[in-house]
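User: I'd like to go through this chain term by term. Tell me what each label rests on.

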Amino acid sequence: MTALLITVDTELSSSLHQRGVDLEDNVRRSIWAEAQGQPFGIGWQMDLLDRHGLKGVFFLDPMPALVHGPAFLKPIVGAIVARGHEVQMHIHTEWLAWAKHSPVGGRQGRNIGDFTLDDQIILLGLARQLLEDVGAPAITAFRAGNFGANDDTLRALAAIGIVWDSSVNPAYLGRECGISADPAQVGATRKLGVAELPVSGIADRPGGFRPAQICAMSAAEMRAGLRHAAREGHDAFTVVTHSFEMLSRDRQRPNGTVIARFEALCREADRLPAVHGAGFNDLPVDLADRPTRLFSRVAPNRLRTGLRVAGQAWATWRYEHRLVPA
Ligand SMILES: [Zn+2]
């Protein structure tokens, strides 16, 4: 069986905050992703997942609590937990720029990997505390904002007892992601005391990598990647999306293309008997300690037709990513 982890980076927009958007409006636009009077955010995503018997992992960024207080987190955590999905930890250290009381002596950085090990231990411990204080069950997994982690992040996670990391995305290795990971690694491995489960993907060209992010792949590419993982018997297939990813870039309109891709993924997962939806707490604890197996990614040539369109979406995402930290 292949565990399908649909992971949703769930976060306020620091860029909207910077432009003067207040907390309530930011939560409405970034978490519940309301556009034209309809929600397309985590509530909509959970509806879709539930219809297909799947589970979401919501990597929630608590850092805006340093600016706005922690109360806004409570209804978000409450909704996820009440519906049987998983709350895990995400961090966007950009928010330290507006923190009333800095936990790290005023030091700042865009990514968690910009900080010393000692500061990372403080920041990650604080983030976990903020989530657990508003009712999140014990946090067991982490993903860095912008995939901006490094090896010290894994050491810090191990130091505070977080079991899983999912900050390795081969598309970001050597850029935002400074973890010394093998980009060809497909399954879970143990690294510096943490179980590392990288973001899944496909080979879009020989030696290339396209991440299994809903806005970055065509439905056909995602289907091919998931079917391949199931056929080879991969332990897990890890998909990435965001709480606001179903909206257009300006967050004013639903993005029908991305919505259709998410729906197609859920239908396909529902159809495949060898795939089941899972959170990190559903994974076997020894997953990262099993003997290395030679898993591969789906080969590039058979997908050529879909790549042009998907390439455009990916380019847009990368462009947006630089403008709007996500
Ligand atoms: Zn993020």
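Analyst: Let's begin with burial: a residue is buried under 20% relative accessible area, exposed over 50%, and partly exposed in between, using a 1.4 Å probe and protein chains only. This is a predicted model, in which local features need pLDDT of at least 70, side-chain atom pairs count only at pLDDT 80 or more, and totals for chains, interfaces and linings use all residues. Residues are numbered from 1 along each chain as its sequence is written, and side-chain values use heavy atoms, leaving out hydrogens and water.

User: Why is H85 called buried?

Analyst: H85 has a relative accessible area of 8%, and the cut-off for buried is under 20%, so H85 counts as buried.

User: Where is H85 placed, and what does H85 touch?

Analyst: H85 is in the loop between α5 (73-82) and β5 (86-91). Helices here are DSSP runs of H or I with at least four residues, strands are runs of E with at least two, and both are numbered from the N terminus. A contact means heavy atoms within 4.5 Å. Leaving aside residues up to four places away in sequence, H85 touches M46, L49, D50, L54, K55, G56, F58 and I80.

User: What makes the pairing of H85 with the side chain of D50 a polar contact?

Analyst: The rule asks for a pair of N or O atoms within 3.5 Å; within protein, one must be able to donate a hydrogen and the other to accept it, and residues adjacent in sequence count only if both atoms are side-chain atoms. The side chains of H85 and D50 meet at 2.8 Å. The H85 side chain also reaches the backbone nitrogen of G56 at 2.9 Å.

User: Q120 next. Why is Q120 called buried?

Analyst: Q120 has a relative accessible area of 0%, so Q120 is buried. Its place is in helix α6 (residues 117-133). The side chain of Q120 reaches the backbone oxygen of F115 at 3.1 Å. Q120 also touches residues including N150, D152, T153 and A156.

User: Which residues of α7 are buried, and what do they pack against?

Analyst: In helix α7 (residues 151-160), the buried residues are D151, T153, L154, A156, L157 and I160. They pack against β5, α6, β6 (141-144), β7 (164-165), β8 (189-191) and β9 (194-196). At the start of α7, a side-chain oxygen of N150 comes to within 3.1 Å of the backbone nitrogen of D152. Just after α7, G161 takes a positive phi of about 85°.

User: On to the aromatics. How many aromatic pairs are there, and why is F40 with W44 called tilted?

Analyst: Rings of Phe, Tyr and Trp (its six-membered ring) pair if their centres lie within 6.5 Å; planes under 30 degrees apart are stacked, over 60 edge-to-face, and the rest tilted. By this rule there are six aromatic pairs. F40 and W44 have ring centres 6.2 Å apart and planes at 50°, so their pair is tilted.

User: What makes W95 and W98 edge-to-face?

Analyst: Their ring centres are 5.5 Å apart and their planes are at 65°, so the pair is edge-to-face. W95 is buried, with a relative accessible area of 1%, whereas W98 is partly exposed at 28%.

User: Last one: why is the chain called as compact as a globular protein of its length?

Analyst: The chain has 10 helices and 13 strands. The radius of gyration is taken over C-alpha atoms, and the globule rule is 2.2 Å times the number of residues to the power 0.38. The chain comes to 18 Å, close to the 20 Å that the rule gives for 326 residues, so it is as compact as a globular protein of that length. Of the 326 residues, 59% count as buried.
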